[in-house]
Amino acid sequence: MRFISKSIIIAFSFFALYACVNQNCDVKNTPKETTFNNDHLLMAVLYQQQAAECKALYYQAFNLAQLMLDKDLADKTQKGKRAVVVDIDETILDNSPFEAKMITKNAKYPEDWNVWTSMAKAKACSGAADFLNYAAGKGVEVFYITNRNEKEADATIKNLKEEHFPMVDTIHLLLKAKESSKEMRRLKIMKKYHIALLVGDNLTDFAADFDKTSSEVRDAKVTELRKEFGKRFIVLPNAMYGDWERAMYDAYKADTTKTKTAIRKMLLKDF
Ligand SMILES: [Mg+2]
């Protein structure tokens, strides 16, 4: 009799588990995403890879950077040693093949990011190496401030060297340590150098004012600092990712494919 009761309990448990799985019941109450996709990235990646206009924007930015550096070099009132500070990803190295993989594999960042960076195969962005070699040739120190981490250091150095960037070593490569903000690293350079130019694809590459801020604050700060762009701040295009995207989702606490998709459509301004 006891054996029969035990069998009934076990059979009931299996039935309950089966029913739970079939109804997508999540024991931790955290619904798992089943609709994840990266289709929204498609045009942004194609723009980065296929649009000659994008290539032209990179050339335009680095041509302007050179003009502005020449202007700064001609300023004899500036006595200190000069430096140029550049971001790495989507500023001087093109990671669009990684973004493309995220679409074809339907994967979510940071999956495979370390696989990609360890390959050290990213190509230089158009005009970047020529500009930085020009700066180095003029006696200007070149610093790379990136939010890649210590584990990625060796491969990043290898990649930058193979793409013919100057001053690539552990002194000139300032990786992310504790915080993603680049302000402390900029201040460290400013103790010894006059920073003639900052070059980046994300507003946080230029000033702490943009760290972890909302879309509204970012927009207002850009207006406030408008005279710096094309002068001391040189911006590159990146429609694939960036703080601009994070800010949209943060405002609505969107953290699932469904809510992010809804936010993207909601924020469109049509007529
Ligand atoms: Mg970047």
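Start by selecting the magnesium ion, which is coordinated by D87 (OD), D89 (O) and D201 (OD) at 2.1 to 2.2 Å. Keep in mind that this is a predicted model. Along the sequence, these donor residues follow the spacing D-x1-D-x111-D.

Next, select D87 and then D89. Are they buried or exposed? D87 counts as buried because its relative accessibility is 6%, and buried means under 20%. D89 has a relative accessible area of 11%, so D89 is buried too.

Now move to the largest pocket, with a volume of about 1400 Å³. Select Y109, Y241, G242, D243 and E245: among the 45 lining residues, these lie nearest the pocket centre. Then colour the elements α4 (96-104), α5 (113-119), β4 (141-149), α10 (243-251) and α11 (257-266), each of which supplies at least two residues of the lining. Which of them gives the most? It is α10, with five residues. Colouring the pocket lining by class gives 20 charged, 15 polar and 10 nonpolar residues.

The last stop is a cavity. The structure holds one cavity of 30 Å³ or more, and the largest cavity has a volume of about 30 Å³. To find the largest cavity, select V85, V86, D87, I145, K182, R186, V199 and D205, which line it. How do the residues of the cavity lining divide by class? Four are nonpolar, four are charged and none is polar.

Note on methods. Residues numbered from 1 in each chain as written. Predicted model: local features only at pLDDT ≥ 70, side-chain atom pairs only at ≥ 80, totals over all residues. Heavy atoms only, no water. Donors = N, O, S within 2.8 Å, 3.2 Å for Na, K, Ca; no water. Buried < 20%, exposed > 50% of the residue type's maximum accessible area, 1.4 Å probe, protein only. 1 Å grid on protein atoms, 1.4 Å probe; cavity = no way out; pocket = protein on both sides within 12 Å on 5 of 7 lines; lining within 4 Å. Points joined across faces, edges and corners; volume = space filled by probe spheres on them. Helix = DSSP H or I, 4+ residues; strand = E, 2+ residues; numbered from the N terminus. Nonpolar A, V, L, I, M, F, W, Y, C, P; charged D, E, K, R; others polar.
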